[in-house]
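Trainee: Please show me the model. I would like to go through it by question and answer.

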Amino acid sequence: MALKKMWDKNFFKKFAHLGVPDHMLSRSSIGFQAHWKFITNILDQRSLPEDPWDEPKIKQLLTLLNYLDSDKDPGSIRIGEREGRIATPYLGDLCANFCHGVGRSGNLTAAQPKAAGASLMQNLTNKLVLSLITSVGIPNLKGALTVPMGTGMSIALALRGCLNHFGVDIHRHPDILMTQVDHNSPHKGIEFIGGQIQTIPGKFGRNHYAEEGVFVDIEDLQQVYESRRNSVSAIVSNSAFFAPRVPDNLKQIAKFAQEHNLIHIINNAYGIQSKKISTLIRKAIDAGRVDAIIQSTDKCFMTPVGGAVITSPREEIITSISQAYAGRASASPVVQLLVSLLSMGKSGYRKRMEEQLKNRLLLDQQMLSLANSHHERLITCNNPVSCAMTLSQLNSDQITKLGGFLYNMRVTGPRVVNIHQSEFGTCTTKDQMMDAAIDSYIVMNAAIGVDPIHISEAIIRLDKAFSQLDE
Ligand SMILES: *Cc1c(COP(=O)(O)O)cnc(C)c1O
């Protein structure tokens, strides 16, 4: 390929008149080419390498791609209204020099004429992230799209793209069924495109495997659907949320969506880290209808907040979703994902997944012993990331104080659900929680990337917070 030619023997002939013997040049050209081999390999394979790349390698790839953008062409005369001009070079550092962004009016993945490099970078990133997701759990996906928005807005974009793809008029079919998830951003995303949410409420109970947790019952889905039959266009299901909410029965929902010809989007905000969740999605795709799956780049792939990856078992759906995007976009969330992926490699990501499993177990053990010492119990649900411990011995005032103490002890991330104040977060109703004799509770996460020391320390500080209640 042309790229290889740039560094071939002819290039080395240019050194011929500087006094270094030919045989030495020929020998050193081999070592020199090895420095480019990883780039030609990744362009040939378009799959995330097994081994991590170090920073110089990553920068070398980005620099190479940068040279292909028109704002880097020293001979170009730039007379447009948008020429990738920046006020200070520091802004170039902040976007890895992809000043032209990605996309063209009305299509997020259309090659941008002024930014061949950024367009290549974007397409490569989409292929690499797809290769990772298919290799760690969902092999039956065919397309991935990295978007410069969080999960909630990406649910909106995916829904809009699917509505366009299948020619469904949201004004005639405004109802979007969603299994209950007590998080504002998916709600706002759905409302953003004019959807009306019909929530399928969660229930505390046991499923047919006698597992405890907050579930959404397929019969309730059926019932809500029947009551609005003619105005429903889509279902949004959920695979990842705080315990005691457990992942939806995605296979059942996918079958339901297929049977009733409904668009089905899965909110998989941080599900990629869990093989269990990925397996649920893989089976749902095989058994029924799944149009798009949304994952957050920061929660799944350890980037700064700002992006999401939309995947689909059908490549043409990804195309429709990218066409639903209005305009150009920042390249930063895309390049941040690329850098994160290359810095880990497939092996690094798998290692983090294994550590996550161990850390989830550690959290479970430590929370259990803490629960025992305070006459509380763990809500033994099948949640692959978080653990919930009851706060049944505390009154409302004490629960609020406990949360405050933890905050002051610099513990971030635990979620306290104080049922006496609000049931938001439970994904079910207060009555349901009371009926099931579940009181208030506290949730902690062992999410991908957590340091096990932080798990032990959070438990120690939670124990301290309990003792401060008695003071
Ligand atoms: C994080 C999260 C979201 C929202 O994420 P944004 O990126 O802030 O929109 C939505 N749903 C679930 C289940 C989440 O965990």
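Mentor: A residue is called buried under 20% relative accessible area, exposed over 50% and partly exposed in between, using a 1.4 Å probe and protein chains only. The model is predicted: local features need pLDDT of at least 70, side-chain atom pairs count only at pLDDT 80 or more, and totals for chains, interfaces and linings use all residues. Residues are numbered from 1 along each chain as its sequence is written, and side-chain values use heavy atoms, leaving out hydrogens and water.

Trainee: What kind of aromatic pair do the rings of F38 and W53 make?

Mentor: Rings of Phe, Tyr and Trp (its six-membered ring) pair if their centres lie within 6.5 Å; planes under 30 degrees apart count as stacked, over 60 as edge-to-face and the rest as tilted. The structure holds four aromatic pairs. For F38 and W53 the centres are 4.8 Å apart and the planes stand at 80°, so this pair is edge-to-face.

Trainee: How many residues apart in sequence are the parts that this pair ties together?

Mentor: Helices (H or I, at least four residues) and strands (E, at least two) are DSSP runs, numbered from the N terminus. F38 belongs to helix α3 (residues 22–45), whereas W53 is in the loop between α3 and α4 (55–66), so the parts tied together are apart in sequence by 15 residues.

Trainee: Which residue lies over the face of F38?

Mentor: A charge sits over a ring if NZ of Lys or CZ of Arg is within 6 Å of the ring centre and within 35 degrees of the ring normal. R289 has such a place over F166, at 4.4 Å from the ring centre. Over the face of F38, at 5.0 Å from the ring centre, lies K57.

Trainee: At what angle are the ring planes of Y225 and F256?

Mentor: Y225, in helix α9 (residues 218–228), and F256, in helix α10 (residues 250–259), tie together parts that are 31 residues apart in sequence. Both Y225 and F256 are buried. Their ring centres are 5.4 Å apart, and the pair is edge-to-face because the planes are at 90°.

Trainee: How far apart in space are M178 and A87, C-alpha to C-alpha?

Mentor: M178 is in strand β2 and is buried, at 1% relative accessibility. Not counting residues up to four places away in sequence, M178 touches several residues, including P186, I197 and V236. A87 is 91 residues from M178 in sequence, and their C-alpha to C-alpha distance is 45 Å.

Trainee: What is the bridge partner of M389 in β13?

Mentor: Strand β11 (residues 386–390) has five of its five residues buried. S386, A388 and T390 point one way from β11, and C387 and M389 the other way. Five bridges join β11 to strand β13 (residues 441–445), and the two run antiparallel. In β13, the partner of M389 is I442.

Trainee: How many residues are in the largest nonpolar core?

Mentor: A nonpolar core is a set of buried Ala, Val, Leu, Ile, Met, Phe, Trp, Tyr and Cys residues joined through side-chain atoms within 4.5 Å. Leaving aside neighbours within four places in sequence, F301 is in contact with V129, I272 and S340, among others. F301 is among the members of the largest core that touch the most other members, and the number of residues in that core is 102.

Notes: Two strands pair if DSSP finds at least two bridges between them. Contact means heavy atoms within 4.5 Å.
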